[in-house]
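Let's take a walk through this structure together, one spot at a time. Have your viewer ready and follow along.

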Amino acid sequence: MKKLVLVSGGVDSTTCLGLLVKKYGNQNVIALSISYGQKHTKELASARAVCNHYQVELIQIDLAPMFSGSDCSLLSHSEAEIPKESYAEQLKETNGSPVSTYVPFRNGLFLASAASIALSRGCDELYYGAHADDAAGNAYPDCSIAFADAMNTAIYEGSGYQLHVISPFIAVSKAEIVRRGLEIGVPYELTWSCYEGKEVPCGTCGTCIDRRKAFEANGVSDPLSAVNANKENERTSAIDASKEDDPILSQKRGNF
């Protein structure tokens, strides 16, 4: 049976996609990319680029209206600034609450939507790339083991025991994800993690910091580091080609 995987265009979901293609073949994997009203389209374009690389079917949907009432700093209608510090530093200021870049119950909504699509397309497993670093300190509670287990139970029950939610990285670090990806040649040069939508990653937002550390832990440089502009130019060309005739990417949301 086929597998459905949520793809954001970032390191974690792209690694998950690569592992699934390696195990099941690209003809048995379907990718789902979701627009949620981000401030830039870089990650959506990257999701399309990596799916083109792996030659897997990509489904795209827009759930932006669901978050219209949120002031999350990631959203195009929010005037809140994206923090320029690590998640650990941000958590010192939240008193145990999620960080400002937490989009309210986003992963819950994504998984519920994906479950409906997966069942309609004859899939028996739904994958998403949440990992232990994101859940640490309650930064992103919808990346925790407890959340993943609860969603699996709900979707398995609600699907009449037809669909499982699989979170292969839920108990491992981002560095471990990168290690696995490097082993199978995941095209990280096509991915995007930065919360800003500039030509090169900012290098200072929480996700940029975590990404850089994950590559450093594996003794390699991040191909999207701000000091490696030549590789960014190559990536831009690949992504520009993936934008052609894409109705979602043609919509402008602030800067996504």
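Start at Ala47, which sits in helix α2, the run covering residues 42–54. Keep in mind that this is a predicted model. Is Ala47 buried or exposed? Its relative accessibility is 0%, and because buried means under 20%, Ala47 counts as buried. Setting aside neighbours within four places in sequence, you will find Ala47 in contact with Val7, Ser8, Gly9, Ser33 and Leu58. Now look towards Leu6: 41 residues separate Leu6 from Ala47 in sequence, while their C-alpha atoms are 9.6 Å apart in space.

From here, move on to the aromatic rings. How many aromatic pairs does the structure hold? There are six. One of them joins Tyr36 and Phe110, whose ring centres are 5.9 Å apart with 55° between the planes, a tilted arrangement. This pair links distant parts of the chain, since Tyr36 lies in the loop between β2 (29–35) and α2, Phe110 belongs to helix α4 (residues 106–120), and the two are 74 residues apart. Tyr36 is buried at a relative accessible area of 4%, and Phe110 is buried too, at 8% relative accessibility. For a second pair, turn to Phe105 and Phe147: their ring centres are 5.8 Å apart and their planes meet at 85°, so this pair is edge-to-face. Phe105 is in the loop between α3 (87–91) and α4, and Phe147 is in helix α6 (residues 145–158), so the pair ties together parts 42 residues apart in sequence. Phe105 is partly exposed at 44% relative accessibility, whereas Phe147 is buried, with a relative accessible area of 11%. Going back to Tyr36 and Phe110, ring pairs link these two with Phe67 into a cluster.

Tyr36 also leads us to a cavity. Which residues line the second largest cavity? The lining is made up of Tyr36, Gln38, Lys39, His40, Glu43, Leu74 and Tyr195.

Last stop: the cysteines. A disulfide is a covalent bond between the sulfur atoms of two cysteines. A search of the whole structure for disulfides finds zero. Among the cysteines, Cys51 is buried, at a relative accessible area of 1%, and Cys143 also counts as buried, at 7% relative accessibility.

Conventions. Residues are numbered from 1 along each chain as its sequence is written. This is a predicted model: local features need pLDDT of at least 70, side-chain atom pairs count only at pLDDT 80 or more; totals for chains, interfaces and linings use all residues. Side-chain values use heavy atoms; hydrogens and water are left out. A disulfide is a pair of cysteine sulfur atoms within 2.5 Å. Buried means under 20% relative accessible area, exposed over 50%, partly exposed in between (1.4 Å probe, protein chains only). On a 1 Å grid over the protein atoms alone, a cavity is a set of points where a 1.4 Å probe fits but cannot get out, and a pocket is an open set with protein on both sides within 12 Å along at least five of seven lines; lining residues have an atom within 4 Å of a point. Helices (H or I, at least four residues) and strands (E, at least two) are DSSP runs, numbered from the N terminus. Contact means heavy atoms within 4.5 Å. Rings of Phe, Tyr and Trp (its six-membered ring) pair if their centres lie within 6.5 Å; planes under 30 degrees apart count as stacked, over 60 as edge-to-face and the rest as tilted.
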